Amino acid sequence: MIERFLKQTHFESVEDYNKHLKFIIPENFNFAYDVMDAWAEEDPERLAILWTNDQGEEIRTTYGQLKEQTDQAASYLQSLGIGKNDPVMLILKRHYEWWVIMLALCKIGAIVIPATHMLTKHDIVYRNTRASVKAIVCAKDDYIIGQIRLAMPESPTVKQYITLGDAEGFHNWTKEWQQAPKFQRPAFVNENDDTMIMYFTSGTSGEPKMVAHDYLYAMGHLTTGCFWHNLHKGSLHLTVADTGWGKAVWGKFYGQWFAGATVFVFDHEKFNADTLLRQMEKYRVTSFCAPPTIYRFMIREDLSQYDLSALEYCCTAGEALNPAVFDKFYKQTGIKMMEGFGQTETTMTLGTFPWMEPKPGSMGIPNAQYDIDLLRPDGTSCEDGEKGEIVIRVGDKKPIGLFKGYYRDEEKTREAWHDGIYHTGDMAWRDEDGYYWFEGRIDDVIKSSGYRIGPFEVESALMTHPAVVECAITGVPDDIRGMVVKATVVLGKEWKDKAGDALIKELQQHVKRETAPYKYPRIIEFVDELPKTISGKIRRVEIREKDKRG
């Protein structure tokens with residue numbers, strides 16, 4: 001398959017990859033038709049998805065069957081008035097239907113907006129309004145449906161509500177989708193630069209931004225699956241990621257299917273390392289990718305008690321990898337983790353490839369589809385060993401995989417992307433072998449257990465509690481989660497004598513109610529005042545430095 005899209009498909013060295021990675025870009029590329037339906041025609045009996053859940057249910061779907069299902073789903077969505085350029089939000093957890101509907105929306109040229117199941121009413125209203133969402137497809141879950149119902153009166157653009165079962169006011173996907181007429185492919189679906197998918201991503205200030213990707217974004221993940229994950233037709237690949245986050249399409253969708261691999265999905269409500277390892281053992285998973293947090297829990301188990309003999313290759317991304325985790329996992333499995341780096345705005349920009357020796361804790365080298373540099377604050381390039389901001393030099397032509405911009409926010413787009421350079425906001429240094437080492441964010445976004453948490457979102461939630469006068473959210477290093485959220489809080493006078501464990505728990509529960517629960521501060525410190533600049537801005541860096549000193 002990849003020979004249709006690359007001039008050279010096998011590489012022997014870093015030099016070979018850097019010199020000869022060349023894409024063949026079709027006119028009006030569409031992943032659903034040009035890759036998935038092509039596989040269905042070429043190898044219809046090959047297994048595309050092996051889905052199971054924590055209830056013991058199992059679905060095995062071939063590429064041929066998946067084409068039939070996605071055609072039917074596309075027809076059903078069309079029957080509801082959904083078509084080209086219509087934004088559709090998916091809140092489907094890890095349910096099987098997510099994969100079918102993602103491809104179906106691609107086939108009709110709609111814009112898909114994956115979203116986490118932990119959104120609150122406020123989060124949903126904001127997304128519906130900012131993106132002019134036309135339809136929502138969600139899991140049959142009391143919390144999700146409840147939050148959507150609360151958001152309905154303030155979401156005038158949403159015309160269709162669909163859930164995987166019976167719920168008043170919602171279409172029943174399970175009963176209705178197979179009754180749609182035979183699918184007729186639209187005469188025109190998309191151009192390469194049309195918007196295909198959008199993600200809401202957290203920043204340090206303000207509400208989440210909308211990251212818009214074109215149809216070539218899918219092709220940008222070819223290198224993710226075929227070279228970083230090192231997948232092949234015999235691979236059974238598992239990536240641990242919520243479908244509401246960008247990492248899902250990194251590891252459970254585009255690149256894996258370019259390679260003709262089988263995507264393994266374990267649909268579970270609560271992560272447990274033993275349960276996950278038993279699934280890997282039972283189904284003989286050959287390829288695995290997860291954030292370092294997951295590996296930290298896994299190595300706390302006695303891995304000798306699991307049959308992982310089928311496991312061939314392991315990758316990690318999402319946050320910096322602790323070398324001690326690398327070493328312990330390697331000692332117990334004989335597999336060296338291959339680290340990678342990227343953002344919601346990009347595909348994999350740095351990676352450790354099969355033809356390289358990994359250095360524990362290093363993100364690897366630049367992916368040849370991007371022109372990567374490290375810049376000093378004055379805009380000049382860093383020397384080896386010098387810390388700088390990771391940037392992508394864009395030049396006259398946007399590289400495959402880089403986002404189009406922040407939807408409906410030209411100002412934010414210009415802040416990040418100007419003078420032919422996209423600024424990632426991430427800091428690193430490069431060693432003498434060309435390997436990059438992560439240092440942290442220029443801004444204050446917190447990465448915890450693979451999630452990106454913007455301080456403003458948590459601060460806004462805390463500030464709605466009557467006890468809080470002002471607060472600052474920072475990240476604190478944590479052996480398990482990489483970082484945890486800390487709140488430094490100034491209390492109102494009438495609350496100061498109540499500072500203690502009971503109030504800490506009350507504030508934590510308050511945040512869980514006000515915004516997605518994973519954002520709540522695990523550490524809360526009460527102070528009389530916050531450190532600030534002369535202009536009145538909170539100096540989070542001072543709080544972090546104080547925490548480091550202990």
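## The largest cavity

The largest cavity has a volume of about 150 Å³, a volume being the space filled by probe spheres set on grid points that are joined across faces, edges and corners. A cavity is a set of points, on a 1 Å grid over the protein atoms alone, where a 1.4 Å probe fits but cannot get out, and its lining residues have an atom within 4 Å of a point. This is a predicted model, in which local features need pLDDT of at least 70 and side-chain atom pairs count only at pLDDT 80 or more, while totals for chains, interfaces and linings use all residues. Residues are numbered from 1 along each chain as its sequence is written, and side-chain values use heavy atoms, with hydrogens and water left out.

The lining of the largest cavity is made by 16 residues, and Thr116, Leu119, Arg127, Phe200 and Trp245 lie nearest its centre. Strand β8 (residues 195-201) gives the most to this lining, with 3 residues, where strands (E, at least two residues) and helices (H or I, at least four) are DSSP runs numbered from the N terminus.

## The second largest cavity

The structure holds 4 cavities of 30 Å³ or more, and the second largest cavity contains about 60 Å³ of space. Among the residues that line the second largest cavity are Phe31, Met102, Ala110 and Tyr254, and helix α4 (residues 97-108) provides the largest share of this lining, 4 residues.

## Phe297

Phe297 has its place in helix α13 (residues 292-298). Phe297 and Ala104 are 193 residues apart in sequence and 36 Å apart in space, C-alpha to C-alpha.

Definitions and conventions
On a 1 Å grid over the protein atoms alone, a cavity is a set of points where a 1.4 Å probe fits but cannot get out, and a pocket is an open set with protein on both sides within 12 Å along at least five of seven lines; lining residues have an atom within 4 Å of a point.
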